[in-house]
Amino acid sequence: MTAPENVATRVVQECLVSEFPDAGYGAEYGKFWGPGTRKVYGRWQRGLGLSGADADGVPGKFSLTELAKKHGMEIRGRFAEDCVDPIHTGQIDFSGRGAWPAGRAACEKHIRKALDIMGLPERYWLPGLLTIASRESAYNASKHQINTHDDNARNVPDLFGGRNAPDGFKGMCSRGMLQTVPQTFARFHATGTSRKIYDPVSSAAAANNYIMSRYKVARDGHDLAAKVRQADPNRRGGGY
């Protein structure tokens, strides 16, 4: 069980009411994870000795596991931290550019596979990531799998010794279906995916981890379009 999802949200709210009888959720109860639920969950986190970002009202592995143990809940699904498998930039495989299928239908398959590996629902993530793929790489088109023109397209001393990357292009160039720079791909590399930066499944999964960390998008993705303009087809795109 991970929040926020309708059933999981109701179960967690019921547990929190047992902990804090004065907690009131109003219209949120049993429906969504809103500011009221977040405030009360923050009380639970602080009661566990957590503080700062660790007590922000967003369920993490430790706090939710402790709540589950106390109230006999069964946790299903994966936690965000279980999906991140950081690697060093020197471990990135730069081979295979252009080897994976392109086009909207192919990108949809790539993204579905990444979401399945990460245990994320498709309802919001799939359309949002497809929108990003269309804007960042024209659905993984070969000529758009590396950006050699924006501000990232440069070499820096702490990346590949200031030289080009193994694929022959500037080290900091954004690469792959969802256009991550090597440092981002390495830091947010996803468990169960390849280390190939041009692998669209790995690209989608690393981008997911980055988006959830950077923009605090919920694991169910309901706030993806609101928080990441590049994922919203109804707004003009922008960097992410």
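## Pocket lining and aromatic pairs

The lining of the second largest pocket consists of six nonpolar, ten polar and five charged residues. Here Ala, Val, Leu, Ile, Met, Phe, Trp, Tyr, Cys and Pro count as nonpolar, Asp, Glu, Lys and Arg as charged, and the others, Gly among them, as polar. The model is predicted: local features need pLDDT of at least 70 and side-chain atom pairs 80 or more, while totals for chains, interfaces and linings use all residues. Residues are numbered from 1 along each chain, and side-chain values use heavy atoms, without hydrogens or water.

A pocket is an open set of points on a 1 Å grid where a 1.4 Å probe fits, with protein on both sides within 12 Å along at least five of seven lines; lining residues have an atom within 4 Å of a point. Of the 21 lining residues, Glu-136, Asn-152, Ser-174, Gln-179 and Tyr-240 lie nearest the pocket centre. Helix H5 (122-137), strand S1 (146-147) and helix H6 (182-187) each contribute at least two lining residues.

The whole structure holds four aromatic pairs (ring centres within 6.5 Å; edge-to-face if the planes are over 60 degrees apart).

Phe-94 and Phe-160 are 66 residues apart, and their pair links distant parts of the chain. Both Phe-94 and Phe-160 are buried (under 20% relative accessible area, 1.4 Å probe, protein chains only). Tyr-210 and Tyr-215 are buried as well. Ring pairs join Tyr-210 and Tyr-215 with Phe-188 and Tyr-240 in a cluster.

Conventions: Helices (H or I, at least four residues) and strands (E, at least two) are DSSP runs, numbered from the N terminus. Rings of Phe, Tyr and Trp (its six-membered ring) pair if their centres lie within 6.5 Å; planes under 30 degrees apart count as stacked, over 60 as edge-to-face and the rest as tilted. Buried means under 20% relative accessible area, exposed over 50%, partly exposed in between (1.4 Å probe, protein chains only).
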